[in-house]
Amino acid sequence: MSSSQSAGASRIATFLTGKKVAWLVALLPLLMAGAVLGLVGEGERTTGPTEGLPVGYDSTEAVALQAELPEDEASVAIVLWTAEDGKLSEQQLGTIRGQIGPLIAEMTGAEGQGSGQGSGQGSGQPGGGRPGPDEGPSGGPGGEESGLQVAEDGTAAYAIVPVVADTSSENADRVGELRDQLAEEVPDGVEVQVTGPAGIQADVAAVFEGANLRLLLATAGVVALLLIITYRSPVLWLIPLTVVALADRFAAIVATQVMERISYLTWDESTVGILSVLVFGAGTNYALLLISRYREELKRHESRHAAMARALTRTAEPVFASATTVVLGLLTLLLSVFPATRGLGVACAIGILIAMTFVLLVLPAALVVFGRWIFWPKVPHVGDRALVDTKSVWRRVGNTVAKRPPAFVAGTLVALGLMMVGLFQIDTGLRPADQFLDTPEAITASERLGESFAAGLTDPVQVITRADPDEVVSTVEDVDGITSARVTTQADGIAQVDAVLDAAPGSDEARETVGAVREAVADLETTYVGGGDAESVDENDASVRDRVLILPLILLLVLGALIILLRSLVAPVLLVLAVVATYSAAMGASWWIFTGVFGFDTMDVGVPLLAFLFLVALGVDYSIFLVTRAKEEAREHGTGEGMLRALAATGGVITSAGILLAAVFAVLGVLPLVVLAQLGAIICLGVLLDTLVVRTVLVPSLALTLGDTFWWPRKVRDPQSPVDAQPKATVKA
């Protein structure tokens, strides 16, 4: 920051924290935020058939064309009965057959409807349509008339039941009613479960029911606990927590309102939860840095207003640089082919900007209106020794690194390199059955269904076409791995052909069969292949495309932001390489943890991109906090001593911030989804590595090894200061 910029920032900071306006600056934004929270709710989330799918891919086009078919109000539930021991008896089967008609009538609202009607024909849903006697698994007397399909081994039977519901919540209620009724009427010795699209949708909705509130409470609780431990004050922690909590709610409203109005964007159930984690994490980090500098300045200034003005002036630059870097990184997600990923990027960028604004505008005024007593019992007084001049644990760490910096560079890189080995063993692509930490009933039933019937029965390949349906059926049936194919819906020149795979959904064999079906129908007019496995294939390809495009762009933007901030070339390049090494080490080590401890055989396809974004954009924060302070100290003390003084001054606050951020992302495990648990674990480990290893050892040892070259081509030393080529080995206590 130039002298003129510094003077301007100082005048602004003095005005914002002055005695006459501090109360107004503190209260007015809080009142405005409160008014918004009270009068404006979060934006309404509208769901479309293609919102979670990559734009322009075959399965997405299939869903879009499928949407042109006449709407059917019914989603499809598959009810599975299995014998608890041996085979289903004729008496048990007779009782089950008698239940099917009333079940269908109740779920569709068609009282008196025949038992074999409404069984999903034309539903347009995966698994839609009741297989006839020659069209898939059947058997057992009366199977054709009642709609009950009995397995050849006699251990299981299923029926397809339409579930009429206008919304996902109503669907969940209807499926719950269906399960309750089935549980009451199930014959002795028989277990009954509900799966199919309606059952899976209901279980997914149950996973997210109240999840964002639980996540918010858990996040706030973790932040409060760590702030109390950090400040060791019964009062101080309440101020930053309140400010950041208001920023979080304000950000959720603004972000969802913005996304509601831009058709290019959408969001899913996890977006607001991730946004809260990011706002709490980043906002509290910025607050820790500001309060640490404020405490330091209170030891030099009698007036708390002057102390805060000085602290805000010195803190604004690294906080603004950090926030800008994160926002630029998040906005690269606008290039994703996934609409929900674009929405996540915009939402989180808005959240970071709001968190920064609240911390730099509201928090200083909120702190300064109270006296020094808020730091009780460790109240800072003028004349107390500054942290930078004490023999703190971080200064002792720095002195140790200063003895042999090249050795610490080599040792750290070797350790990170060993952790990276697991990176090359990562397998991506979660199967549907592996999406949940606690497997819901619909997934368990789907797997059991595949043991007695065709494995792909619950999730057939869906071929949506404008070509001759009979030709499509014939072509698809000739593909290896397809057990049956038939037209389930036909109207307005569009037909849907459902093809049951022999392979289990999500398996490599299923994906290969999807590819074979696509090759077989490639020459047919306006024909697209969809269904769960087809969508999985396309999502994997789209995720690879996103990583190839977005990852390098994130690095370039972060590098550019660091070059502008430091007005240097060597230091920014080293910092970017260091954070990439951290990401690679975190991914590699996490993979060993996933496979060896948690039993995750695969990683979700979207995790590598999001983990890279959050770790690079957020991880570089700590290096920014350290290096900007080192640049400030180097003007008077030289590069080596300046870096050690910066480590002593920022070590405690950066460590606290890193542990807090790591803990906050670990809280994502509150949501019972494997993808969020994996993302949270990787970021948690990466932030700890960045905080405790890269910022503490690697960056200081690089600066000590290179000396003034670390800042090349910039010269940071004040020409009037004494030359200090070597850092001081010790600092008196």
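Let's start at Asp492, which is exposed in this predicted model, with a relative accessible area of 64%. You'll find Asp492 in the loop that runs between strand 6 (482-491) and strand 7 (494-501). What makes this residue worth a look is its backbone: Asp492 has a positive phi of about 55 degrees, even though it isn't a glycine.

Thr526 is another spot to check. Again we have a residue that is not a glycine but has a positive phi, here about 40 degrees. Thr526 sits in the loop linking helix 17 (508-520) with strand 8 (527-530).

Now for the prolines. A cis peptide bond connects Trp376 to Pro377, with omega at about 15 degrees. To find Pro377, go to the loop between helix 12 (339-368) and helix 13 (393-403). A cis peptide bond also connects Trp712 to Pro713, and there omega is about 5 degrees. Pro713 belongs to the segment that follows helix 22 (674-706).

Next, a helix pair. Take helix 11 (residues 304-331) and helix 18 (residues 532-566): their axes come within 9 Å of each other and cross at roughly 160 degrees. Anything over 145 degrees counts as roughly antiparallel, so that is how helix 11 runs relative to helix 18. The crossing of the two helices is right-handed. On the helix 11 side, the contact is made by Glu317, Ala321, Thr325, Leu328 and Gly329. Helix 18 answers with Ile554, Leu557, Val558, Ala561 and Leu565. What kinds of residues make up this contact of helix 11 with helix 18? Seven are nonpolar, two are polar and one is charged.

Finally, step back to the whole chain. The chain has 733 residues, and 57% of them count as buried.

How values were computed. Residues numbered from 1 in each chain as written. Predicted model: local features only at pLDDT ≥ 70, side-chain atom pairs only at ≥ 80, totals over all residues. Heavy atoms only, no water. Buried < 20%, exposed > 50% of the residue type's maximum accessible area, 1.4 Å probe, protein only. Axes fitted to C-alpha atoms, helices over the stretch in contact; angles between N-to-C directions. Helix = DSSP H or I, 4+ residues; strand = E, 2+ residues; numbered from the N terminus. Parallel < 35°, antiparallel > 145°, perpendicular 65-115°, else oblique. Left-handed = near helix turned anticlockwise from the far one by under 90°. Contact = heavy atoms within 4.5 Å. Nonpolar A, V, L, I, M, F, W, Y, C, P; charged D, E, K, R; others polar.
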